[in-house]
Amino acid sequence: MASRQHEHPVSAAEFTNDLAHDGVYIAAIASYSPDPNKVNRYTLYREQAERIEWCADAWLTVAEAEKLATMANIRVGESDAMYMLGPIVVWYRHGDTLKIFSEDKLIFSLNGQEIVLHGNAINRAEIRSVHAYLDRGWVECGLRLVLPKEEILIAYQVNEIASMDITYDGLNLLCDTWWAVALGRLLSEALAVPYVPDEDLA
C-alpha cells in the first residue's frame, strides 16, 4: 500500500520548533508527493563543522516550505533522495556559498573564491567546466570538475540494477540520475563555468 503521509503536512513553524537559535540548519527537499505543486517532503539537518546531523523529517506544503527561506538560520537545499528511501548527497547554495555533503560529510565547499574538494584546495581560475558523466553503460553516474590536465571527482553513485534489469529504460535513468543534472547545473552556475553532460544526461 502506498504511503499517505503527504496528506498530513506540518507547518514550517512546527518543522523548526525544536531548533537551537545559534545553529545553522539545512532543509533539503527529499521527495516529491503525487502532487509536487502542493506538498513535498523535507529533511532537516544541523550543520556542524564538516558534517551534518539529521534532525527531522516531514511533509510541508509549498506555501509553508517557502517560509523556510525567510528564516535566518535555515539554508534551503536539495538531496538525491527524490525517488529513494534516504539521501546520500545533500547540497545547498546560500549567497556566495555552496556546500555538498555525501553520507553526512562535507565533500565540497565554495565560499567566494575559495574552493575545497575532499579536503584539498582548488584554484577556481583553473576550473574549465562541470562534467556530469555516465560510466559502465548506465551503472555509474557522477560529477567531476574539469581542470586543464585532469578531471577531479566530486561525487558519484552506482546502480547495478541498470545493468541487470532488462526493463530499465530512459525514464528509470532520469529518476536515478536527476541529482547529478540538478547539482551539476547549480555548480556550473555558481562557478560561472559551462555545464557539460554526457549524451544520455543532456
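The model is a predicted one, so local features are reported only at pLDDT of at least 70 and side-chain atom pairs only at pLDDT 80 or more, while totals for chains, interfaces and linings use all residues. Residues are numbered from 1 along each chain as its sequence is written, and side-chain values use heavy atoms, with hydrogens and water left out.

The chain holds 4 helices and 13 strands (DSSP runs numbered from the N terminus, with H or I over at least four residues for helices and E over at least two for strands). Of its 202 residues, 47% are buried; here buried means under 20% relative accessible area, exposed means over 50%, and partly exposed is in between, with a 1.4 Å probe and protein chains only. The accessible surface comes to about 11000 Å², and carbon and sulfur atoms account for 51% of it (Shrake-Rupley method, 1.4 Å probe, with only the protein chains shown counting as cover for residues). As for contacts (heavy atoms within 4.5 Å), 49% of those between residues at least 6 apart in sequence join residues at least 24 apart.

Strand β10 is largely enclosed by the rest of the structure, because 6 of its 7 residues are buried. It pairs with two strands, pairing being called when DSSP finds at least two bridges. With β11 (residues 140-146), β10 runs antiparallel over 7 bridges, and Ser 129 sits opposite Val 146. The hairpin these two strands make has 4 residues between them, and there Arg 136 takes a positive phi near 55°. With β13 (residues 195-197), β10 runs parallel, joined by 3 bridges; His 131 has Val 196 as its bridge partner.

Arg 124 sits in the loop between β9 (120-122) and β10 (129-135), and it is buried without a salt bridge, Asp 96 being the nearest side chain of opposite charge at 7.6 Å. For this count, Lys and Arg are positive and Asp and Glu negative, with His and the chain ends not counted. Instead, the Arg 124 side chain reaches the backbone oxygen of Gly 112 at 2.7 Å. Beyond its neighbours within four places in sequence, Arg 124 touches residues including Leu 110, Ile 115 and Leu 191.

Two loop residues also show positive phi without being glycine. Ala 49, with phi of about 55°, lies between β2 (39-48) and β3 (51-61) and is exposed at 70% relative accessibility. Asp 104, with phi near 75°, lies between β6 (97-102) and β7 (105-111) and is partly exposed at 34%.

Salt bridges number 5, taking a side-chain nitrogen of Lys or Arg within 4 Å of a carboxyl oxygen of Asp or Glu as the rule. One of them joins Asp 57 and Arg 41 at 2.7 Å, N to O; with Asp 57 in β3 and Arg 41 in β2, the pair ties together parts that are 16 residues apart in sequence. Arg 41 is buried at 11%, while Asp 57 is partly exposed at 32%. Another links Lys 67 with Glu 64 at 2.8 Å, and these two are 3 residues apart in helix α2 (residues 62-68), about one helical turn. Arg 93 and Glu 189 also meet, at 2.8 Å; this pair bridges β5 (residues 89-94) and α4 (residues 170-191), so it ties together parts that are 96 residues apart in sequence.

Note on methods
A polar contact is a pair of N or O atoms within 3.5 Å; within protein, one must be able to donate a hydrogen and the other to accept it, and residues adjacent in sequence count only if both atoms are side-chain atoms.
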